[in-house]
Amino acid sequence: IALNIVLDELINYLNEAIEAMKRARFIYIFGVGNSGIVAEDLADKLFRIDIKAIHHVDGHMQLTSSVAIDKEDVAIAISYRGSTKEVNASIKQAKEKGATTIGITQYDKNTLSKLVDIPLYVPSEEKDIRYGAISSRDAFFIITDLLYLGVAKVDFAKTKHNILESRMLMKETFK
């Protein structure tokens with residue numbers, strides 16, 4: 001029964017996050033280290049389908065970009081432990097500016113989960129000695145791919161056109 005409740009909650013939060021992303025003027029994505037790899041992947045995918053997504057690899061630039069956020073934007077923070085200072089400061093700034101905030105973090109009442117409007121949880125299974133953060137990174141990719149697919153399907157013809165057009169440009173450039 002507890003698993004059903006958690007799954008229902010996740011599905012509701014995923015739908016809420018996708019709806020917010022569909023309405024967003026810009027989507028700011030915060031994450032550093034291994035979480036930054038996931039953040040960059042999501043930003044790249046969204047940008048390929050003409051969704052204005054912004055992710056800076058550098059944590060200081062993430063802080064700087066959070067100043068430009070407003071209520072028409074969405075901010076997504078990715079942090080396994082939910083305690084990364086620059087990520088939390090960026091998402092806090094986004095929330096203060098009125099943006100809808102989404103946090104992808106472990107299933108725990110950590111700092112990040114308390115800061116965001118929409119928490120999306122991954123399992124809390126990582127060992128103290130994290131071998132490259134494999135399970136948490138994979139869980140992050142699953143969540144971010146679900147967000148991407150939820151937004152991509154809104155106008156599938158446009159999504160398909162953008163993906164095929166960029167693929168053709170690459171093919172022409174590197175043949």
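In which helix do Asp41 and Lys45 both lie, and how many residues apart are they? Both belong to helix H2 (residues 33–48), 4 residues apart, about one turn of the helix; helices (H or I, at least four residues) and strands (E, at least two) are DSSP runs numbered from the N terminus. The model is predicted, so local features need pLDDT of at least 70 and side-chain atom pairs count only at pLDDT 80 or more, while totals for chains, interfaces and linings use all residues. Residues are numbered from 1 along each chain as its sequence is written, and side-chain values use heavy atoms, with hydrogens and water left out.

**Salt bridges**

- A salt bridge is a side-chain nitrogen of Lys or Arg within 4 Å of a carboxyl oxygen of Asp or Glu, and the count comes to 9.

**Accessibility**

- Buried means under 20% relative accessible area, exposed over 50%, and partly exposed in between (1.4 Å probe, protein chains only).
- Lys45 is buried at 18%, whereas Asp41 is partly exposed at 22%.
- Asn88, in helix H4 (residues 85–96), is buried at 8%.

**Strand S5**

- Because 5 of the 5 residues of strand S5 (residues 118–122) are buried, the strand is largely enclosed by the rest of the structure.
- Ile118, Leu120 and Val122 cover one side, and Pro119 and Tyr121 the other.
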